[in-house]
Amino acid sequence: MNSFEIRATWSLASLFALRMLGLFMILPVFALYGQELAGATPTLIGLAIGAYGLTQALLQIPFGLLSDRIGRKPVIVGGLLIFLVGSLVAAEAETIYGVIAGRALQGAGAIASAVMALLADLTRDDQRAKAMAMVGASIGMSFALALIAGPLLSSWFQLEGLFLFTAVLAGFGVALTLWVVPTPDARRMLRDTRPMMDHVADVLRDPSLLRLDFGVFSLHMVLTAMFVVMPGWLLQQAAIDKDHHWMVYLPILFLSFVLMLPLMIVAEKARKIKQVFMLGVGLLGVSLVGLSQWHDNVWSIALGLFVFFWGFNLLEALLPSLVSKIAAPGYKGTSMGVYSTCQFLGAFAGGAGGGWLLGHYGDSAVYVVAAAVVGIWFLLAWSMKQPPYLQSVTLALDHEGELDDRVWVSRLMGIAGVEEAVVVKEERAAYLKVDNARLDREQLMRLSHQSPLESQAEPA
(Lines give C-alpha, C1' and ligand atoms only; values in the text may rest on other atoms or scores of the structure.)
Protein backbone atom coordinates (compact mmCIF):
# COMPACT_ATOMS: atom_id res chain seq x y z
CA MET A 1 0.00 0.00 0.00
CA ASN A 2 1.17 3.54 -0.68
CA SER A 3 0.79 6.34 1.85
CA PHE A 4 -2.47 7.55 0.30
CA GLU A 5 -4.04 4.09 0.56
CA ILE A 6 -2.79 3.63 4.11
CA ARG A 7 -4.42 6.92 5.13
CA ALA A 8 -7.66 6.00 3.36
CA THR A 9 -7.77 2.54 4.93
CA TRP A 10 -6.99 3.45 8.53
CA SER A 11 -9.32 6.45 8.49
CA LEU A 12 -12.25 4.47 7.07
CA ALA A 13 -11.53 1.54 9.39
CA SER A 14 -11.56 3.98 12.32
CA LEU A 15 -14.82 5.49 11.06
CA PHE A 16 -16.44 2.06 10.86
CA ALA A 17 -15.12 1.12 14.31
CA LEU A 18 -16.47 4.32 15.93
CA ARG A 19 -19.95 3.73 14.57
CA MET A 20 -20.09 0.03 15.40
CA LEU A 21 -18.73 0.71 18.89
CA GLY A 22 -21.63 3.09 19.45
CA LEU A 23 -24.12 0.47 18.29
CA PHE A 24 -22.65 -2.46 20.20
CA MET A 25 -22.03 -0.85 23.61
CA ILE A 26 -25.70 -1.15 24.48
CA LEU A 27 -25.69 -4.97 24.14
CA PRO A 28 -24.15 -6.01 27.48
CA VAL A 29 -26.03 -3.47 29.64
CA PHE A 30 -29.46 -2.58 28.29
CA ALA A 31 -31.27 -5.66 29.61
CA LEU A 32 -30.50 -4.33 33.12
CA TYR A 33 -30.68 -0.55 32.76
CA GLY A 34 -33.68 -0.68 30.43
CA GLN A 35 -35.84 -2.04 33.25
CA GLU A 36 -35.75 1.41 34.86
CA LEU A 37 -37.51 3.04 31.87
CA ALA A 38 -41.24 3.73 32.00
CA GLY A 39 -43.30 1.10 30.21
CA ALA A 40 -40.44 -1.39 29.99
CA THR A 41 -41.32 -5.07 29.48
CA PRO A 42 -39.02 -7.93 28.44
CA THR A 43 -40.50 -7.83 24.92
CA LEU A 44 -39.95 -4.07 24.54
CA ILE A 45 -36.45 -4.26 26.02
CA GLY A 46 -35.58 -6.90 23.44
CA LEU A 47 -37.11 -4.76 20.70
CA ALA A 48 -34.99 -1.79 21.80
CA ILE A 49 -31.83 -3.93 21.67
CA GLY A 50 -32.57 -5.19 18.16
CA ALA A 51 -34.40 -2.20 16.63
CA TYR A 52 -31.29 -0.84 14.92
CA GLY A 53 -30.99 -4.07 12.92
CA LEU A 54 -34.30 -3.60 11.11
CA THR A 55 -33.64 -0.07 9.83
CA GLN A 56 -30.02 -0.96 9.07
CA ALA A 57 -31.15 -3.93 6.96
CA LEU A 58 -33.77 -1.91 5.09
CA LEU A 59 -31.58 1.10 4.27
CA GLN A 60 -28.00 -0.03 3.79
CA ILE A 61 -28.36 -1.00 0.10
CA PRO A 62 -30.44 2.13 -0.77
CA PHE A 63 -27.82 4.32 0.92
CA GLY A 64 -25.10 2.59 -1.10
CA LEU A 65 -26.98 3.25 -4.33
CA LEU A 66 -27.59 6.87 -3.28
CA SER A 67 -23.84 7.31 -2.81
CA ASP A 68 -23.40 6.39 -6.48
CA ARG A 69 -25.58 9.35 -7.40
CA ILE A 70 -24.66 12.14 -4.99
CA GLY A 71 -21.23 11.04 -3.74
CA ARG A 72 -19.86 8.89 -0.92
CA LYS A 73 -19.00 11.56 1.63
CA PRO A 74 -22.40 13.32 1.64
CA VAL A 75 -24.13 9.99 2.29
CA ILE A 76 -21.64 9.01 5.01
CA VAL A 77 -21.91 12.37 6.77
CA GLY A 78 -25.71 12.29 6.47
CA GLY A 79 -25.82 8.76 7.89
CA LEU A 80 -23.60 9.70 10.81
CA LEU A 81 -25.78 12.72 11.59
CA ILE A 82 -28.87 10.48 11.60
CA PHE A 83 -27.01 8.15 13.96
CA LEU A 84 -26.09 11.13 16.16
CA VAL A 85 -29.72 12.30 16.31
CA GLY A 86 -30.84 8.77 17.18
CA SER A 87 -28.31 8.65 20.02
CA LEU A 88 -29.61 11.96 21.40
CA VAL A 89 -33.21 10.77 21.14
CA ALA A 90 -32.34 7.63 23.10
CA ALA A 91 -30.33 9.62 25.67
CA GLU A 92 -33.23 11.98 26.39
CA ALA A 93 -35.88 9.25 26.43
CA GLU A 94 -37.68 8.56 29.67
CA THR A 95 -39.76 5.69 28.29
CA ILE A 96 -38.84 2.47 26.54
CA TYR A 97 -40.65 3.71 23.44
CA GLY A 98 -38.30 6.68 23.17
CA VAL A 99 -35.28 4.39 23.30
CA ILE A 100 -36.79 2.13 20.63
CA ALA A 101 -37.25 5.19 18.39
CA GLY A 102 -33.69 6.31 19.07
CA ARG A 103 -32.25 2.87 18.32
CA ALA A 104 -34.23 2.67 15.09
CA LEU A 105 -32.81 6.08 14.09
CA GLN A 106 -29.31 4.90 14.93
CA GLY A 107 -29.72 2.01 12.54
CA ALA A 108 -31.22 4.28 9.87
CA GLY A 109 -27.82 5.91 9.50
CA ALA A 110 -26.82 2.91 7.37
CA ILE A 111 -23.45 3.86 5.90
CA ALA A 112 -21.77 0.45 5.53
CA SER A 113 -22.25 0.17 1.76
CA ALA A 114 -21.16 3.78 1.17
CA VAL A 115 -18.01 3.31 3.30
CA MET A 116 -17.00 0.16 1.44
CA ALA A 117 -17.68 1.85 -1.90
CA LEU A 118 -15.50 4.79 -0.86
CA LEU A 119 -12.74 2.38 0.15
CA ALA A 120 -12.94 0.86 -3.34
CA ASP A 121 -12.68 4.36 -4.86
CA LEU A 122 -9.52 5.08 -2.87
CA THR A 123 -7.55 1.83 -3.30
CA ARG A 124 -5.98 0.02 -6.21
CA ASP A 125 -7.36 -3.34 -7.30
CA ASP A 126 -4.39 -5.32 -5.96
CA GLN A 127 -4.60 -3.62 -2.54
CA ARG A 128 -8.37 -3.66 -2.06
CA ALA A 129 -8.69 -7.08 -0.43
CA LYS A 130 -6.08 -6.11 2.17
CA ALA A 131 -7.85 -2.81 2.86
CA MET A 132 -11.24 -4.50 3.29
CA ALA A 133 -9.71 -7.09 5.61
CA MET A 134 -8.43 -4.24 7.80
CA VAL A 135 -11.90 -2.71 7.93
CA GLY A 136 -13.34 -6.11 8.86
CA ALA A 137 -10.79 -6.48 11.65
CA SER A 138 -11.74 -3.04 12.99
CA ILE A 139 -15.38 -4.17 13.30
CA GLY A 140 -14.33 -7.23 15.28
CA MET A 141 -12.18 -5.13 17.57
CA SER A 142 -14.99 -2.62 18.13
CA PHE A 143 -17.35 -5.45 19.14
CA ALA A 144 -14.86 -6.79 21.69
CA LEU A 145 -14.19 -3.28 23.03
CA ALA A 146 -17.94 -2.58 23.25
CA LEU A 147 -18.53 -5.56 25.56
CA ILE A 148 -15.93 -4.12 27.92
CA ALA A 149 -16.61 -0.39 27.52
CA GLY A 150 -20.42 -0.71 27.75
CA PRO A 151 -20.53 -1.94 31.38
CA LEU A 152 -17.75 0.46 32.42
CA LEU A 153 -19.28 3.59 30.90
CA SER A 154 -22.80 2.78 32.06
CA SER A 155 -21.52 2.33 35.62
CA TRP A 156 -20.07 5.84 35.51
CA PHE A 157 -22.66 7.72 33.45
CA GLN A 158 -25.77 5.52 33.44
CA LEU A 159 -27.77 4.78 30.30
CA GLU A 160 -28.18 8.44 29.34
CA GLY A 161 -24.44 9.00 29.44
CA LEU A 162 -23.83 5.89 27.34
CA PHE A 163 -26.08 7.16 24.55
CA LEU A 164 -24.53 10.65 24.78
CA PHE A 165 -21.12 9.03 24.39
CA THR A 166 -22.30 7.31 21.21
CA ALA A 167 -23.43 10.73 19.93
CA VAL A 168 -19.93 12.06 20.59
CA LEU A 169 -18.48 9.10 18.66
CA ALA A 170 -20.74 9.99 15.72
CA GLY A 171 -19.48 13.57 15.88
CA PHE A 172 -15.89 12.33 15.73
CA GLY A 173 -16.90 10.23 12.73
CA VAL A 174 -18.23 13.30 10.90
CA ALA A 175 -14.98 15.19 11.57
CA LEU A 176 -12.95 12.19 10.42
CA THR A 177 -14.94 11.97 7.19
CA LEU A 178 -14.68 15.66 6.37
CA TRP A 179 -11.06 16.36 7.27
CA VAL A 180 -9.12 13.08 7.35
CA VAL A 181 -10.67 10.63 4.88
CA PRO A 182 -9.32 11.43 1.39
CA THR A 183 -11.72 12.58 -1.33
CA PRO A 184 -11.59 10.37 -4.45
CA ASP A 185 -11.07 11.84 -7.89
CA ALA A 186 -14.03 9.85 -9.21
CA ARG A 187 -16.57 7.26 -8.10
CA ARG A 188 -15.88 3.75 -9.34
CA MET A 189 -18.92 1.60 -10.05
CA LEU A 190 -17.29 -1.78 -9.46
CA ARG A 191 -19.66 -4.73 -9.23
CA ASP A 192 -17.43 -6.62 -6.81
CA THR A 193 -17.52 -3.80 -4.25
CA ARG A 194 -21.12 -2.56 -4.42
CA PRO A 195 -24.61 -4.10 -4.68
CA MET A 196 -26.31 -4.17 -8.08
CA MET A 197 -30.10 -4.34 -7.92
CA ASP A 198 -30.33 -6.31 -11.17
CA HIS A 199 -28.14 -9.02 -9.58
CA VAL A 200 -30.19 -9.49 -6.41
CA ALA A 201 -32.57 -12.07 -7.91
CA ASP A 202 -29.61 -14.14 -9.18
CA VAL A 203 -27.95 -14.06 -5.76
CA LEU A 204 -31.18 -15.11 -4.03
CA ARG A 205 -31.44 -18.12 -6.36
CA ASP A 206 -28.01 -19.45 -5.40
CA PRO A 207 -28.45 -22.24 -2.79
CA SER A 208 -24.85 -22.00 -1.59
CA LEU A 209 -25.14 -18.27 -0.90
CA LEU A 210 -28.59 -18.68 0.68
CA ARG A 211 -27.09 -21.23 3.08
CA LEU A 212 -24.51 -18.65 4.16
CA ASP A 213 -27.17 -15.92 4.40
CA PHE A 214 -29.21 -18.11 6.73
CA GLY A 215 -26.02 -18.77 8.67
CA VAL A 216 -25.21 -15.12 9.32
CA PHE A 217 -28.88 -14.44 10.13
CA SER A 218 -28.77 -17.24 12.72
CA LEU A 219 -25.39 -16.16 14.10
CA HIS A 220 -26.47 -12.60 14.85
CA MET A 221 -29.94 -13.66 15.95
CA VAL A 222 -28.54 -15.89 18.71
CA LEU A 223 -25.90 -13.30 19.65
CA THR A 224 -28.49 -10.56 20.19
CA ALA A 225 -30.98 -12.91 21.89
CA MET A 226 -28.24 -14.04 24.26
CA PHE A 227 -27.72 -10.50 25.55
CA VAL A 228 -31.41 -10.12 26.33
CA VAL A 229 -30.80 -12.66 29.12
CA MET A 230 -27.08 -12.82 29.93
CA PRO A 231 -26.68 -9.53 31.87
CA GLY A 232 -29.46 -10.65 34.23
CA TRP A 233 -27.81 -14.04 34.76
CA LEU A 234 -24.46 -12.45 35.56
CA LEU A 235 -26.14 -10.17 38.09
CA GLN A 236 -28.48 -12.66 39.73
CA GLN A 237 -27.09 -16.18 39.19
CA ALA A 238 -23.38 -15.35 39.21
CA ALA A 239 -23.76 -12.55 41.80
CA ILE A 240 -21.51 -10.20 39.81
CA ASP A 241 -22.30 -6.50 40.15
CA LYS A 242 -23.35 -4.98 36.82
CA ASP A 243 -20.42 -2.54 37.03
CA HIS A 244 -18.01 -5.51 36.88
CA HIS A 245 -19.48 -7.56 34.03
CA TRP A 246 -16.60 -6.46 31.79
CA MET A 247 -14.27 -8.52 33.99
CA VAL A 248 -16.08 -11.64 32.77
CA TYR A 249 -16.14 -10.66 29.12
CA LEU A 250 -12.51 -9.52 28.83
CA PRO A 251 -10.67 -12.81 29.52
CA ILE A 252 -13.30 -14.85 27.67
CA LEU A 253 -13.04 -12.74 24.51
CA PHE A 254 -9.23 -12.75 24.64
CA LEU A 255 -8.93 -16.52 25.10
CA SER A 256 -11.58 -17.32 22.49
CA PHE A 257 -9.78 -15.08 19.97
CA VAL A 258 -6.40 -16.71 20.67
CA LEU A 259 -7.84 -20.22 20.22
CA MET A 260 -9.64 -19.16 17.04
CA LEU A 261 -6.39 -18.30 15.22
CA PRO A 262 -4.94 -21.82 14.82
CA LEU A 263 -8.30 -23.03 13.51
CA MET A 264 -8.33 -20.24 10.92
CA ILE A 265 -4.85 -21.30 9.80
CA VAL A 266 -6.02 -24.92 9.46
CA ALA A 267 -9.07 -23.78 7.49
CA GLU A 268 -7.09 -21.77 4.95
CA LYS A 269 -3.66 -23.45 4.79
CA ALA A 270 -4.83 -27.05 5.12
CA ARG A 271 -7.89 -26.31 2.98
CA LYS A 272 -10.35 -27.63 5.55
CA ILE A 273 -12.78 -24.73 5.67
CA LYS A 274 -15.89 -26.93 5.77
CA GLN A 275 -14.59 -29.00 8.70
CA VAL A 276 -13.60 -25.92 10.71
CA PHE A 277 -16.88 -24.22 9.80
CA MET A 278 -18.89 -27.19 11.05
CA LEU A 279 -16.84 -27.18 14.26
CA GLY A 280 -17.75 -23.51 14.77
CA VAL A 281 -21.47 -24.17 14.34
CA GLY A 282 -21.17 -27.15 16.67
CA LEU A 283 -19.45 -25.06 19.35
CA LEU A 284 -22.23 -22.51 19.09
CA GLY A 285 -24.95 -25.15 19.50
CA VAL A 286 -23.23 -26.93 22.41
CA SER A 287 -22.74 -23.64 24.28
CA LEU A 288 -26.40 -22.65 23.90
CA VAL A 289 -27.67 -26.04 25.05
CA GLY A 290 -25.27 -25.95 28.00
CA LEU A 291 -26.26 -22.43 29.03
CA SER A 292 -29.97 -23.27 28.81
CA GLN A 293 -29.47 -26.00 31.43
CA TRP A 294 -26.54 -24.87 33.56
CA HIS A 295 -26.46 -21.18 34.45
CA ASP A 296 -26.69 -21.17 38.24
CA ASN A 297 -23.10 -20.09 39.02
CA VAL A 298 -20.32 -18.00 37.57
CA TRP A 299 -18.23 -20.98 36.37
CA SER A 300 -20.95 -22.64 34.31
CA ILE A 301 -21.87 -19.27 32.76
CA ALA A 302 -18.24 -18.40 32.03
CA LEU A 303 -17.59 -21.79 30.41
CA GLY A 304 -20.72 -21.46 28.27
CA LEU A 305 -19.77 -17.94 27.23
CA PHE A 306 -16.24 -19.03 26.34
CA VAL A 307 -17.44 -21.88 24.10
CA PHE A 308 -20.02 -19.54 22.53
CA PHE A 309 -17.50 -16.82 21.65
CA TRP A 310 -14.96 -19.35 20.46
CA GLY A 311 -17.51 -20.54 17.90
CA PHE A 312 -18.87 -17.05 17.24
CA ASN A 313 -15.47 -15.48 16.47
CA LEU A 314 -14.58 -18.38 14.22
CA LEU A 315 -17.82 -18.15 12.23
CA GLU A 316 -17.73 -14.35 12.06
CA ALA A 317 -14.35 -14.62 10.33
CA LEU A 318 -15.20 -17.59 8.08
CA LEU A 319 -18.61 -16.50 6.75
CA PRO A 320 -17.48 -13.42 4.74
CA SER A 321 -14.56 -15.44 3.38
CA LEU A 322 -16.95 -18.14 2.20
CA VAL A 323 -19.24 -15.59 0.52
CA SER A 324 -16.23 -14.18 -1.32
CA LYS A 325 -15.13 -17.65 -2.45
CA ILE A 326 -18.57 -18.78 -3.60
CA ALA A 327 -19.96 -15.61 -5.23
CA ALA A 328 -19.68 -15.57 -9.02
CA PRO A 329 -17.28 -13.05 -10.60
CA GLY A 330 -18.87 -9.60 -10.63
CA TYR A 331 -21.48 -10.63 -8.06
CA LYS A 332 -19.44 -10.24 -4.88
CA GLY A 333 -20.78 -6.75 -4.06
CA THR A 334 -24.40 -7.86 -4.41
CA SER A 335 -23.74 -11.10 -2.54
CA MET A 336 -22.16 -9.20 0.36
CA GLY A 337 -25.04 -6.69 0.32
CA VAL A 338 -27.64 -9.46 0.71
CA TYR A 339 -25.41 -11.15 3.32
CA SER A 340 -25.16 -7.95 5.39
CA THR A 341 -28.92 -7.39 5.14
CA CYS A 342 -29.50 -10.88 6.56
CA GLN A 343 -26.97 -10.17 9.31
CA PHE A 344 -28.87 -7.09 10.51
CA LEU A 345 -32.24 -8.79 10.15
CA GLY A 346 -30.86 -11.50 12.43
CA ALA A 347 -29.92 -8.89 15.03
CA PHE A 348 -33.45 -7.50 14.91
CA ALA A 349 -35.06 -10.95 15.15
CA GLY A 350 -32.77 -11.90 18.04
CA GLY A 351 -33.61 -8.82 20.06
CA ALA A 352 -37.35 -8.77 19.41
CA GLY A 353 -37.79 -12.54 19.52
CA GLY A 354 -35.54 -12.99 22.54
CA GLY A 355 -37.45 -10.37 24.50
CA TRP A 356 -40.79 -11.97 23.59
CA LEU A 357 -39.59 -15.44 24.63
CA LEU A 358 -38.19 -14.10 27.88
CA GLY A 359 -41.46 -12.38 28.74
CA HIS A 360 -43.70 -15.35 27.88
CA TYR A 361 -41.64 -18.49 28.56
CA GLY A 362 -38.67 -17.52 30.73
CA ASP A 363 -34.92 -17.11 30.33
CA SER A 364 -34.00 -20.73 29.50
CA ALA A 365 -36.49 -20.74 26.60
CA VAL A 366 -34.42 -18.06 24.82
CA TYR A 367 -31.40 -20.37 24.77
CA VAL A 368 -33.41 -23.48 23.88
CA VAL A 369 -34.92 -21.78 20.82
CA ALA A 370 -31.53 -20.31 19.88
CA ALA A 371 -29.99 -23.79 20.11
CA ALA A 372 -32.77 -25.16 17.87
CA VAL A 373 -32.06 -22.50 15.22
CA VAL A 374 -28.34 -23.37 15.33
CA GLY A 375 -29.29 -27.05 15.02
CA ILE A 376 -31.18 -26.29 11.79
CA TRP A 377 -28.17 -24.32 10.57
CA PHE A 378 -25.89 -27.29 11.34
CA LEU A 379 -28.08 -29.62 9.26
CA LEU A 380 -28.11 -27.16 6.34
CA ALA A 381 -24.35 -26.65 6.55
CA TRP A 382 -23.75 -30.42 6.51
CA SER A 383 -24.54 -30.50 2.77
CA MET A 384 -22.11 -27.66 2.03
CA LYS A 385 -19.34 -28.55 -0.39
CA GLN A 386 -15.70 -27.72 0.23
CA PRO A 387 -15.42 -24.26 -1.40
CA PRO A 388 -12.94 -23.62 -4.21
CA TYR A 389 -9.77 -21.90 -3.05
CA LEU A 390 -9.93 -19.09 -5.56
CA GLN A 391 -9.28 -15.37 -5.26
CA SER A 392 -11.37 -12.58 -6.78
CA VAL A 393 -9.53 -10.25 -9.17
CA THR A 394 -10.87 -7.13 -10.88
CA LEU A 395 -8.94 -6.37 -14.05
CA ALA A 396 -9.15 -3.03 -15.87
CA LEU A 397 -9.15 -3.52 -19.64
CA ASP A 398 -6.89 -0.66 -20.69
CA HIS A 399 -7.39 -0.04 -24.39
CA GLU A 400 -9.37 2.01 -26.88
CA GLY A 401 -12.27 0.91 -29.05
CA GLU A 402 -15.27 -1.32 -28.55
CA LEU A 403 -15.13 -4.41 -26.38
CA ASP A 404 -16.25 -7.80 -27.57
CA ASP A 405 -16.98 -9.47 -24.25
CA ARG A 406 -17.09 -12.99 -25.70
CA VAL A 407 -13.61 -12.59 -27.22
CA TRP A 408 -12.23 -11.24 -23.98
CA VAL A 409 -13.75 -14.03 -21.89
CA SER A 410 -12.29 -16.61 -24.29
CA ARG A 411 -8.81 -15.09 -24.06
CA LEU A 412 -8.95 -14.66 -20.27
CA MET A 413 -10.08 -18.24 -19.75
CA GLY A 414 -7.09 -19.36 -21.81
CA ILE A 415 -4.67 -18.02 -19.20
CA ALA A 416 -3.33 -20.54 -16.73
CA GLY A 417 -5.00 -20.15 -13.32
CA VAL A 418 -8.11 -18.24 -14.49
CA GLU A 419 -11.08 -20.39 -13.50
CA GLU A 420 -14.02 -17.98 -14.08
CA ALA A 421 -14.31 -14.73 -16.01
CA VAL A 422 -17.01 -12.11 -16.61
CA VAL A 423 -16.40 -9.03 -18.79
CA VAL A 424 -18.55 -5.92 -18.32
CA LYS A 425 -18.28 -3.69 -21.37
CA GLU A 426 -19.75 -0.60 -19.68
CA GLU A 427 -17.09 -0.67 -16.97
CA ARG A 428 -14.24 -1.81 -19.27
CA ALA A 429 -13.42 -4.35 -16.58
CA ALA A 430 -13.12 -8.10 -16.16
CA TYR A 431 -14.10 -9.91 -12.98
CA LEU A 432 -12.12 -13.08 -12.46
CA LYS A 433 -11.82 -16.01 -10.07
CA VAL A 434 -8.21 -17.21 -10.10
CA ASP A 435 -6.07 -19.94 -8.55
CA ASN A 436 -3.10 -17.98 -7.23
CA ALA A 437 -0.86 -21.03 -7.19
CA ARG A 438 -1.26 -21.51 -10.96
CA LEU A 439 -1.96 -17.97 -12.20
CA ASP A 440 0.21 -16.62 -15.02
CA ARG A 441 0.22 -12.99 -13.87
CA GLU A 442 2.52 -11.78 -16.65
CA GLN A 443 0.22 -13.02 -19.38
CA LEU A 444 -2.82 -11.62 -17.56
CA MET A 445 -1.31 -8.15 -17.29
CA ARG A 446 -0.07 -8.25 -20.87
CA LEU A 447 -3.51 -9.20 -22.16
CA SER A 448 -5.29 -6.46 -20.20
CA HIS A 449 -3.35 -3.77 -22.10
CA GLN A 450 -4.04 -5.18 -25.58
CA SER A 451 -6.69 -3.97 -27.96
CA PRO A 452 -9.53 -6.32 -29.01
CA LEU A 453 -7.89 -6.91 -32.42
CA GLU A 454 -4.57 -7.75 -30.81
CA SER A 455 -6.18 -10.18 -28.42
CA GLN A 456 -8.11 -11.83 -31.26
CA ALA A 457 -4.91 -12.25 -33.22
CA GLU A 458 -3.13 -13.88 -30.32
CA PRO A 459 -2.98 -17.68 -30.75
CA ALA A 460 -5.09 -19.70 -28.38
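Two strands are said to pair if DSSP finds at least two bridges between them. Helices (H or I, at least four residues) and strands (E, at least two) are DSSP runs, numbered from the N terminus. This is a predicted model, in which local features need pLDDT of at least 70 and side-chain atom pairs count only at pLDDT 80 or more, while totals for chains, interfaces and linings use all residues. Residues are numbered from 1 along each chain as its sequence is written, and side-chain values use heavy atoms, with hydrogens and water left out.

**The sheet**

Select residues 418-424 (β2) and 429-434 (β3): these strands run antiparallel and are joined by six bridges. Within this pair, Ala421 has Leu432 of β3 as its bridge partner. Four residues lie between the strands of the hairpin, and there Arg428 takes a positive phi near 50 degrees.

Val393 stands opposite Leu432 in β3. The three strands form an open sheet in the order β1-β3-β2. Its edge strands are β1 (391-396) and β2, each pairing on one side only. On average, neighbouring strands are turned by 20 degrees against each other, direction ignored.

Next, show helix α15 (residues 405-413), which packs on the sheet and touches β1, β2 and β3; contact means heavy atoms within 4.5 Å. The direction of α15 makes about 160 degrees with that of β2, where axes are lines fitted to C-alpha atoms, for helices over the stretch in contact, and angles run from 0 to 180 degrees between N-to-C directions.

**The nonpolar cores**

A nonpolar core is a set of buried Ala, Val, Leu, Ile, Met, Phe, Trp, Tyr and Cys residues joined through side-chain atoms within 4.5 Å; buried means under 20% relative accessible area (1.4 Å probe, protein chains only). Select Phe30, Met230, Phe277 and Phe309, which touch the most other members of the largest core, a set of 128 residues. Helix α7 (residues 125-179) gives the most to this core, with 16 residues. Another core, of 15 residues, lies apart from it and includes Leu397, Val418, Leu432 and Leu447.

Centre on Phe309: its contacts beyond four places in sequence include Phe143, Leu147, Leu223 and Met226.

**Helix α12**

Finally, select residues 298-326. The 29 residues of α12 should span 42 Å at 1.5 Å a residue, and the end C-alpha atoms are 41 Å apart, which agrees; the expected span is 1.5 Å times one less than the number of residues. Of these 29 residues, 21 are buried.

Definitions and conventions. Buried < 20%, exposed > 50% of the residue type's maximum accessible area, 1.4 Å probe, protein only.
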